[in-house]
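Visitor: I have a structure open and I'm new to it. Can you walk me through it?
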Amino acid sequence: MIVLLMACKFSFAGTPPPNFKKMLYDCDACGCSASGGGMGFSSMLNKNFVGLRYVNQSYTSRDGIFNNSPWIDENFNTVQVWARIPVFKNFQVSAQLPYHFHNRQLSTGEQTIDGLGDITVLGMYTVYQTMTDSTLFVHTLQLGGGVKAPTGKYDADNKGTVNPSFQVGTGSWDYLLAAEYVIRHKDLGLNATVNYIYKTENEDHYRFGNQFNYSGTLFYVFEGSKFTFVPQAGLAGEVYATNKQFDEDVPDTKGDVLFGKVGLEAGTGRFSVGVNGMLPIAQNLTGGRVEANYRWSVNLNYSL
């Protein structure tokens, strides 16, 4: 609801505009929008579930706007209550309620922040599904939409020298469109997802750039007498448009990143656990002033 650090640099001939310090670096950061994106909204093992998920994201950023500014570490931590619940035939609702606790090592010392994040709710409808013999391919296509509510606090007076949107909320209502396609042959399958987030202006007249997320994940289901294991591997990417302040483009705030990812889910009865890791393959974030290092997550689910 996550997910990259975007930064920008300004030079002014006259008087700085309002919120100048805020405009130096701002983004829809991992801190306030780690609600899905490349980490996904669903489980490969449980079609419908409720559970807990922990997400850790590591970044390195310039502590300043100059080429010789020192690098600092930023760690974004999120605990989510997440669920995918059937409402009626062919329609499911996914929901994520995050709590964030982040830290970064500034030149002046460690800065921490924590609090409830922005809630995301996404409805998905199965528009096409084949029910065939197990020796053939099975296809499932779901389409849907949702909303991210500004339940997390957005502090426009954040005094940090880097990334003032080191926040637990964006302060804006954002809207999602999503599609998920699964093709499966016996125990081998491919899950492909895309989602687009349209972002609106918050009360401080800042609008984060619209966001496009995509992923493709191969998985294999090993059925045992008591346990089921689902190893998986794939790619996930995120693309961000330019941010706006008072309807004006904020320079150098767009970016993109491509991750490789691996994971494993294991279940017995109604319970399952999952572990996922992501490493960047290619990235272009803020002219090299921000670097994504890695992401990982662990979850515990109860199947409905």
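Visitor: How many of the residues count as buried?
Guide: This is a predicted model. Of its 304 residues, 50% count as buried.

Visitor: And what about the accessible surface?
Guide: The accessible surface is about 13900 Å², and 61% of that belongs to carbon and sulfur atoms.

Visitor: Which residues make up the largest nonpolar core?
Guide: Twelve residues do, among them Met39, Tyr59, Phe76, Phe166, Ala236 and Phe259. At least two core residues come from each of β1 (49-62), β15 (255-268), β16 (271-285) and β17 (290-303).

Visitor: What other core is there?
Guide: A second, separate core has six residues, including Phe41, Leu122, Leu176 and Ile197.

Visitor: Changing topic. How many helices and strands?
Guide: The protein has two helices and 17 strands.

Visitor: Take β12. How does it pair with β10?
Guide: β10 (residues 211-220) and β12 (residues 228-240) are antiparallel, with nine bridges. Ala236 in β12, also a member of the largest nonpolar core, stands opposite Ser215.

Visitor: And what joins β11 to β12?
Guide: A hairpin, through four residues. β11 (residues 222-223) pairs with β12 in the antiparallel sense over two bridges, and Glu223 stands opposite Thr228 of β12.

Visitor: How many bridges join β12 to β15?
Guide: There are 13, and the two strands run antiparallel. Pro231 has Leu264 of β15 as its bridge partner.

Notes
Residues numbered from 1 in each chain as written. Predicted model: local features only at pLDDT ≥ 70, side-chain atom pairs only at ≥ 80, totals over all residues. Heavy atoms only, no water. Core = buried A, V, L, I, M, F, W, Y, C linked by side-chain atoms within 4.5 Å. Buried < 20%, exposed > 50% of the residue type's maximum accessible area, 1.4 Å probe, protein only. Areas by Shrake-Rupley, 256 points an atom, 1.4 Å probe, with all protein chains shown as cover. Pairing = 2+ DSSP bridges.
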